[in-house]
Amino acid sequence: ELLFAMHGEGGPHLYRKSLRQGTPPTPLLETPGPKWPEDWSAHGETVLYVSGGTFWALSLAADDPPKSVLTTGSGQDEVQLSPDGRWLAYTSNLSGDWEAYVEPFQRPGGRVRVSVDGGGQPRWRADGQELFFISRHNILTAVEVRERAGGLEMGLPSELFEVPLVLRPQLDDYAVSPDGQRFLVKVPVEGDAGERIHVVTNWTSLLER
């Protein structure tokens, strides 16, 4: 299934769609106000989204209203739930600069800053033992993560490579494979490629069945 936001009256609202051919999208949440999906938990039961400057959690396993999970009082975005469902990684300008943070999800505990000198767009490795983010200087960076006595212990940031097209720390400029070894990264378009428009008709016939 795919989770996405689609514009509508009072929206955008949250929708889900099966990847099976011919399946229409179904509304997931159509409450007043714009909503932007950020993450879908590994176990498939919780959706995280941003609305009104607040992070919200929507349970798909129970018919409960969304729960507010974090409001920092500052700008915040790019929330990601750890694979075990215990920790939130996100971007915020609490300090005056955009930084990457981690704190417990729906549990008491302190906030830990992950980036050292500006950063954003945190992403978990599938085993939860490594966290990636983009630094202030557009360097994709990795940090080892270990849980110790109910808290998190962060390793030293390790720079991996430059990400050539980063507009803001609170956007989505890359994706990481489950094993943390491959990255899908946005890059600038070179030459005259931007001057051409290509239209593909009957594209669904190209999908594997």
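The dialogue below takes up strands, cores and salt bridges in turn.

Modeller: This is a predicted model, in which local features need pLDDT of at least 70 and side-chain atom pairs count only at pLDDT 80 or more, while totals for chains, interfaces and linings use all residues. Residues are numbered from 1 along each chain as its sequence is written, and side-chain values use heavy atoms, with hydrogens and water left out.

Biologist: Which strands form the open sheet, and in what order?

Modeller: Strands are DSSP runs (E, at least two residues), numbered from the N terminus, and two of them pair if DSSP finds at least two bridges between them. Here four strands form an antiparallel open sheet in the order S4-S5-S6-S7. Strand S4 (36-40) and S7 are the edge strands, each pairing on one side only. Between S6 and S7 there are three bridges, and Phe55 has Leu70 in S7 as its bridge partner.

Biologist: Which residues make up the largest nonpolar core?

Modeller: In soluble globular proteins, nonpolar side chains tend to be buried together. A nonpolar core is a set of buried Ala, Val, Leu, Ile, Met, Phe, Trp, Tyr and Cys residues joined through side-chain atoms within 4.5 Å; buried means under 20% relative accessible area, exposed over 50%, and partly exposed in between (1.4 Å probe, protein chains only). The largest core has twelve residues, including Val50, Phe55, Leu70 and Tyr90. Strands S5 (46-51), S6 (54-59), S7 (67-70), S8 (76-81) and S9 (87-92) each give two or more residues to this core. A second, separate core has eleven residues, among them Trp87, Trp124, Leu131 and Val143.

Biologist: How many salt bridges are there, and where do Asp172 and Arg123 lie?

Modeller: Side chains of opposite charge can pair when their charged atoms come close. The criterion for a salt bridge is a side-chain nitrogen of Lys or Arg within 4 Å of a carboxyl oxygen of Asp or Glu, and the count comes to twelve. Asp172 and Arg123 meet at 2.7 Å, N to O. Asp172 lies in the loop between strand S16 (158-162) and strand S17 (174-176), and Arg123 in strand S12 (residues 119-124), so the pair ties together parts 49 residues apart in sequence. Glu78 joins Arg123 and Asp172 in a network of salt bridges.

Biologist: Is Arg123 buried or exposed?

Modeller: Arg123 counts as buried because its relative accessibility is 9%, whereas Asp172, at 46%, counts as partly exposed.
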